[in-house]
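Colleague: I have some questions about how the terms are applied here. Please set each value against its cut-off.

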Amino acid sequence: MRKKPIGKLISHLYRRNQKILSKKLAPYGIGSGGQHSFLKIILQRPGITQEQLTNELKFDKATTARSVKQLEESGYIERKTDPNDRRSQLVSPTAKALEFAPVLQAILDELNAGLVHNLSEEEEDLLIDLLQKISIDPDE
């Protein structure tokens, strides 16, 4: 039996994961395009800049701007001008986001559990180690 390419398998898992995630987050007004990833980082690091979000999540500036705008319009975040750099926007969670945080984490935990439900704990640990190993960017 011929093994499938790793990239194809990872891509398939990513698309399947995003499809499920979109369905689970839609009732909360959180769309696709990684909005949940932006919200999670903003919850962890209130006052982060859009530039830092872009760098941390490895998205382009346009995707960051679009996701931040949508999260702001949905009432999950607020933007303020950085007093130290008027060209920069500081992004912080709103009370709505803080209230939603445990729900978001439960959805993400459930999704991750579903991904590895056929693996033993040792296999899961090995998979995580191997994925971390191959996800290291040689240019960084």
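Modeller: One definition to begin with: Ala, Val, Leu, Ile, Met, Phe, Trp, Tyr, Cys and Pro count as nonpolar, Asp, Glu, Lys and Arg as charged, and the others, Gly among them, as polar. By that scheme, the lining of the largest pocket has 19 nonpolar, 12 polar and 7 charged residues. The model is predicted, and local features need pLDDT of at least 70, side-chain atom pairs 80 or more, while totals for chains, interfaces and linings use all residues. Numbering runs from 1 along each chain as its sequence is written, and side-chain values use heavy atoms, with hydrogens and water left out.

Colleague: What makes a space a pocket or a cavity?

Modeller: Whether the space is open decides. On a 1 Å grid over the protein atoms alone, a cavity is a set of points where a 1.4 Å probe fits but cannot get out. A pocket is an open set with protein on both sides within 12 Å along at least five of seven lines. Lining residues have an atom within 4 Å of a point.

Colleague: What is the volume of the largest pocket, and which residues lie nearest its centre?

Modeller: The volume is about 1600 Å³. A volume is the space filled by probe spheres set on the points, which are joined across faces, edges and corners. The lining has 38 residues, and I10, N17, N112, L115 and L131 lie nearest the centre. Helix 1 (6–25), helix 2 (35–44), helix 5 (95–115) and helix 6 (121–134) each give two or more residues to this lining. Helices here are DSSP runs of H or I, at least four residues, and strands are runs of E, at least two, numbered from the N terminus.

Colleague: How many cavities of 30 Å³ or more does the structure hold, and which residues line the largest cavity?

Modeller: The count is 1. The largest cavity has about 30 Å³ of space. Its lining is Q18, L21, S22, L25, G31, S32 and H36. By class, that is 2 nonpolar, 5 polar and no charged. Helix 1 gives the most to this lining, with 4 residues.

Colleague: Why is T94 called buried?

Modeller: Buried means under 20% relative accessible area, exposed over 50%, and partly exposed in between, with a 1.4 Å probe and protein chains only. T94 has 16% relative accessibility, so T94 is buried. T94 sits in the loop between strand 3 (85–93) and helix 5. Beyond its neighbours within four places in sequence, T94 is in contact (heavy atoms within 4.5 Å) with G75, Y76, I77 and E78.

Colleague: Why is K58 called exposed, and why is E124 called partly exposed?

Modeller: K58 has a relative accessible area of 56%, which is over 50%, so K58 is exposed. K58 is in the loop between helix 3 (50–57) and helix 4 (61–73). K58 also has a positive phi of about 65 degrees, although K58 is not a glycine. E124 has 29% relative accessibility, so E124 falls in between and is partly exposed. E124 is in helix 6. Residues up to four places away aside, E124 touches V116 and L119.

Colleague: What makes a set of residues a nonpolar core?

Modeller: The members are buried Ala, Val, Leu, Ile, Met, Phe, Trp, Tyr and Cys residues joined through side-chain atoms within 4.5 Å. The largest such core here has 21 residues, and L39, L53, Y76 and I77 have the most contacts inside it. Helix 5 gives the most to this core, with 6 residues. With residues up to four places away left out, L53 touches F38, I41, I42, I48, K58, T64, V68 and V91.

Colleague: How do you know that strand 2 and strand 3 pair?

Modeller: Two strands pair if DSSP finds at least two bridges between them. Strand 2 (residues 77–82) and strand 3 have 6 bridges, so they pair, and they run antiparallel. T81 stands opposite Q89 in strand 3. The two strands form a hairpin with 2 residues between them.

Colleague: What order do the strands of the sheet have?

Modeller: The order is 1-3-2 in an open sheet of 3 strands, with antiparallel pairing. Strand 1 (48–49) and strand 2 are the edge strands, because each pairs on one side only.
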